[in-house]
Amino acid sequence: MSEDYYQLLGVDRDASAEQLKKAYRRLARQLHPDVNPDPGAADRFKAATAAYEVLSDPEKRQVYDLGGDPRSGGFGAGAGFNFTDIMDAFFGQTGARGPRPRQTRGQDALIRLQVTLADAAFGTTRDLTVDTAVTCSTCTGSGAAPGSEPVTCDTCRGRGEISHTQRSFLGEIRTARPCPTCRGFGTVIPDPCTECGGDGRVRSRRTLQVKVPAGVDTGTRVQLAGQSEVGHGGGPAGDLYVEIEVGPHELFDRHGDDLLCDVTVPMTAAALGTQIDLPTLDGETGAPDIDKYVSIDVEPGTQSGEQVVLRGRGVPRLRGVGRGDLVVRVVVETPTKLDEEQEQLLAQLARLRDEERPAAAANAGTKGFFGRLRGGLR
């Protein structure tokens with residue numbers, strides 16, 4: 001043999017199988033005719049391929065190291081190589097060699113769960129009924145009828161793939177594809193389980209308990225590890241994700257960890273000041289020793305739109321400690337219908353406050369509409 005295979009690949013004689021593969025991939029990316037138009041690149045590529053075919057086979061490598069020629073045909077006709085190795089060189093590993101396992105991990109699943117604002121704020125536990133795939137109890141996931149078992153595929157003889165050889169200007173190219181008989185498993189089930197039809201799993205309805213943590217909001221996902229469907233062949237189950245959807249509340253709106261609400265008070269109460277008992281979100285949990293109402297002081301002279309902030313009365317923080325705030329906006333209500341006595345009392349109050357014909361108010365440093373109008377008429 002006129003050329004040293006190790007020298008062709010640029011490796012030492014004690015190179016490992018992984019080092020040989022890396023060296024061949026590197027040369028294939030440099031010399032393949034599709035990427036290197038140099039006329040001599042094709043010959044160098046064929047030589048490197050022939051060297052790799054010998055050195056990657058333990059038996060052929062041993063013959064070569066002892067001085068023999070395991071190819072007995074030089075680099076011409078009869079030289080063969082696995083096309084998969086070339087594909088690996090350009091695109092990385094193209095797939096696992098050999099039979100694929102019958103057991104696979106089950107798919108993850110997503111379902112939505114609607115809860116009340118109180119349940120989202122303080123947490124709850126809910127029962128959830130799901131239809132999913134579980135391991136077949138008859139065959140325990142094997143897919144074979146009781147008393148039988150999978151047997152080696154006669155077509156691929158357990159390899160899970162079959163090879164096809166084709167001649168080209170590079171020599172003989174071998175390609176591999178999954179065995180059509182066993183679908184790549186390397187085994188077939190001659191007597192499938194009648195309960196699951198050989199799949200190793202069946203559909204079943206079951207009830208799960210979902211623990212909703214305090215502080216969740218719409219869009220929060222709770223992960224239930226291993227509670228989705230089992231995989232083919234009784235493989236491990238995937239995860240079940242429960243996405244929370246918080247329903248609307250008749251009194252409170254949520255903004256982050258804060259609760260917002262409007263409280264309407266009469267004009268007289270806003271002027272004189274008052275105290276209001278507001279229902280709390282805590283009181284909806286039904287827990288004992290919980291304040292169902294909180295007192296809000298409306299100071300005399302409170303204007304419509306002013307806010308009263310109650311610290312720590314909002315939603316518990318999902319990731320952290322403490323709670324948000326309760327923000328109460330006061331809306332002052334002006335009466336629309338007055339009886340004769342009420343009109344007289346309000347008229348008397350207006351006279352006492354000299355407000356029978358109130359002047360238009362303008363913000364400091366700015367002109368009101370009438371001020372601007374007068375400014376334009378000179």
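A residue is called buried when its relative accessible area is under 20%, exposed when it is over 50%, and partly exposed in between (1.4 Å probe, protein chains only). By this definition V222 is buried, at 12% relative accessibility. The structure is a predicted model, in which local features need pLDDT of at least 70 and side-chain atom pairs count only at pLDDT 80 or more, while totals for chains, interfaces and linings use all residues. Residues are numbered from 1 along each chain as its sequence is written, and side-chain values use heavy atoms, with hydrogens and water left out.

**Strands**

- Helices (H or I, at least four residues) and strands (E, at least two) are DSSP runs, numbered from the N terminus.
- V222 belongs to strand β9 (residues 221-224); its C-alpha atom is separated by 8.3 Å from that of L240, 18 residues apart along the chain.
- In a regular strand the side chains alternate between the two faces of the sheet.

**Salt bridges**

- A salt bridge is a side-chain nitrogen of Lys or Arg within 4 Å of a carboxyl oxygen of Asp or Glu; by this rule the count comes to 17.
- R112 forms a salt bridge with E243, with the closest N and O atoms 3.2 Å apart. R112 lies in strand β2 (residues 109-115) and E243 in strand β10 (residues 240-246), so the pair ties together parts that are 131 residues apart in sequence. R112 is exposed at 56% relative accessibility, whereas E243 is buried at 15%.
- D262 forms a salt bridge with R329, with the closest N and O atoms 2.8 Å apart. This pair links distant parts of the chain, 67 residues apart: strand β12 (residues 258-266) holds D262 and strand β16 (residues 326-333) holds R329. D262 is partly exposed at 41%, and R329 is partly exposed at 37%.
- R313 forms a salt bridge with D291, with the closest N and O atoms 3.7 Å apart. The two residues are 22 residues apart, R313 being in the loop between β15 (307-310) and β16 and D291 in the loop between β13 and β14.
- D199, R201, R203 and E229 are linked in a network of salt bridges.

**Surface patches**

- Patches consist of residues with over 30% relative accessible area and no salt bridge; like charges are joined within 9 Å, and nonpolar side chains (Val, Leu, Ile, Met, Phe, Trp, Tyr) within 5 Å.
- D339, E340, E341 and E343 gather in a surface patch of negative charge. E341 is found in helix α8 (residues 340-352) and is exposed at 57% relative accessibility.
- M267, L338, L346 and L349 form a nonpolar surface patch, with about 290 Å² of accessible area together. L346 also lies in helix α8 and is partly exposed at 33%.

**Backbone angles**

- Most residues other than glycine have a negative phi.
- T140, which is not a glycine, has a positive phi of about 55 degrees. T140 lies in the loop between β3 (124-135) and β4 (151-152) and is exposed, at 64%.
- R183 has a positive phi near 60 degrees. R183 is placed in the loop between β6 (171-178) and β7 (187-188) and is exposed, at 55%.

Note on methods:
Accessible areas come from the Shrake-Rupley method with a 1.4 Å probe; for residues, only the protein chains shown count as cover. Lys and Arg count as positive and Asp and Glu as negative; His and the chain ends are not counted. The place of a charge is taken as NZ of Lys, CZ of Arg, CG of Asp or CD of Glu.
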